[in-house]
Amino acid sequence: MSVDRETILSVLDRLPLPDGGTLVSRDLIRALGIEQGDVRFVIEAESPEQARALEPVRLQAETALRALPGVTGVHVVTTAHGPAAKAPSLKIGQHPAPQQGGPQPISGIDRIIAVGSGKGGVGKSTVSSNLAVALARQGRRVGLLDADIYGPSQPRMMGVSKRPASPDGKTIIPLKAHGVTMMSIGLMLKEDEAVIWRGPMIMGALQQLLTQVEWGRLDVLIIDLPPGTGDIQLSLGQRTHLTGAIVVSTPQDVALLDARKAIDMFQKLKTPVLGLIENMSSYICPNCGHEAHIFGHGGVAAEARRLDLPFLGELPLDLAVRLAGDSGRPVAAGDGPLAEAYAALASRLVAGGMA
Ligand SMILES: Nc1ncnc2c1ncn2[C@@H]1O[C@H](COP(=O)(O)OP(=O)(O)OP(=O)(O)O)[C@@H](O)[C@H]1O
């Protein structure tokens with residue numbers, strides 16, 4: 001049984017706010033998305049004070065929604081307008097500036113590739129970081145932007161935690177790791193501020209990360225998107241000229257079903273789908289060498305053929321990939337078959353003029 005938007009809103013409309021009204025009646029809910037029972041939305045507070053006052057309501061909302069049949073997960077974040085945090089702060093409380101003439105390029109960046117997935121947990125962030133590192137090892141000037149506001153994982157995967165500097169309070173100096181210039185929304189938050197954003201509204205935040213970060217000259221910027229097909233992906237595709245998108249999926253049917261939705265979204269946005277990647281494709285037992293297909297095998301290649309899209313390759317399920325991601329040194333930075341798989345993927349993109 002799946003849960004719908006109306007049910008979610010009616011539950012939220014029953015939770016009173018401390019100063020009157022509800023999240024719904026006060027129009028504080030943004031970017032509500034429901035993917036396979038996973039509910040995500042943003043509470044847009046008017047000030048950091050209000051955001052703090054709303055914290056009990058956020059928790060109540062999570063508990064109430066989790067109790068609904070068909071809900072498998074709930075992720076709610078609060079954003080706050082109001083006085084800017086100490087530098088480097090993204091200026092707060094702005095809707096993205098109105099824009100004329102469709103998606104725009106970003107000056108100094110030759111190509112932008114968005115890495116998306118229909119479903120969370122399929123390895124989109126892992127693929128983004130490893131691909132970025134593999135491309136940098138081939139001499140490309142590479143940027144990596146972690147746009148997953150719900151769970152920014154690139155600082156951990158790339159092994160950076162320093163808060164980026166902003167000498168003039170406007171531009172932000174990105175960090176460097178494994179030859180890649182990187183920036184993550186996670187680096188702008190203090191650890192104890194994980195819930196309340198000191199940032200602009202989310203769409204504006206992404207736009208600012210694209211334009212206020214001093215990326216320098218890049219051959220390619222890789223954007224690690226949040227999972228699914230929500231407002232962030234739409235807003236990015238509508239405002240920024242993307243060279244193309246890569247969709248990551250595991251071979252399971254359920255993951256493929258969602259991947260199709262992501263492909264559909266990119267096609268509606270007129271963003272070329274550069275290809276599909278099958279992650280967690282096969283598992284080689286380190287003890288006996290037996291090859292197993294835990295999530296199935298070949299489903300993504302078959303889907304690519306069916307949709308007449310390029311199949312960019314399969315990446316095995318391997319403990320070393322996770323350990324490397326957790327340790328901040330992606331497998332692509334080392335040697336061996338896993339690094340070679342990413343190098344081959346990077347070469348294909350370079351040869352095709354995509355990176
Ligand atoms: N090929 C692989 N082999 C082993 N572990 C993997 C592989 N790919 C990803 N993982 C692990 O699976 C977990 C989820 O991966 P990752 O965070 O990249 O997924 P995601 O699609 O970006 O998820 P989210 O949507 O939650 O951001 C991580 O712990 C990662 O290290």
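Angles under 35 degrees count as roughly parallel, over 145 as roughly antiparallel, 65 to 115 as roughly perpendicular and the rest as oblique. Axes are lines fitted to C-alpha atoms, for helices over the stretch in contact, and angles run from 0 to 180 degrees between N-to-C directions. This model is predicted: local features need pLDDT of at least 70, side-chain atom pairs count only at pLDDT 80 or more, and totals for chains, interfaces and linings use all residues. Residues are numbered from 1 along each chain as its sequence is written.

**View 1. Helix 4 against helix 11.** Helices and strands are DSSP runs, numbered from the N terminus (helices H or I, at least four residues; strands E, at least two). Helix 4 packs on helix 11 (residues 337-351) at about 70°, with the axes 8 Å apart. The two helices, helix 4 and helix 11, are therefore roughly perpendicular. Contact means C-beta atoms, placed from the backbone, within 7 Å. From helix 4 come N130, L131, A134, L135 and R137; helix 11 answers with Y342, A343, L345 and A346. By class, this contact holds seven nonpolar, one polar and one charged residues. Ala, Val, Leu, Ile, Met, Phe, Trp, Tyr, Cys and Pro count as nonpolar, Asp, Glu, Lys and Arg as charged, and the others, Gly among them, as polar.

**View 2. The ligand shell.** The ligand is surrounded by 20 residues, and the closest are G120, G123, S125, T126 and R322. Helix 4 (124-137) and helix 10 (319-327) are the elements that give two or more residues to this shell. A residue counts as near if its C-beta atom, placed from the backbone, lies within 6 Å of the molecule. The shell has six nonpolar, ten polar and four charged residues.

View 3. Eight strands line up in the order 6-7-5-9-4-10-11-14, with mixed pairing. Strands pair if DSSP finds at least two bridges between them. Strand 6 (175-177) and strand 14 (311-315) are the edges, each pairing on one side only. The twist from one strand to the next averages 25°. Strand 4 (residues 112-116) runs parallel to strand 10 (residues 244-249), joined by four bridges. V115 has I246 in strand 10 as its bridge partner. Helix 8 (residues 253-268) lies across strand 4, strand 10 and strand 11 (273-279), at about 170° to strand 10.

**View 4. A hairpin.** Strand 1 (residues 29-35) and strand 2 (residues 38-45) run antiparallel, joined by five bridges. I34 has V39 in strand 2 as its bridge partner. Two residues separate the strands of this hairpin, and Q36 in the turn has a positive phi of about 50°.

Technical notes. Contact = placed C-beta atoms within 7 Å.
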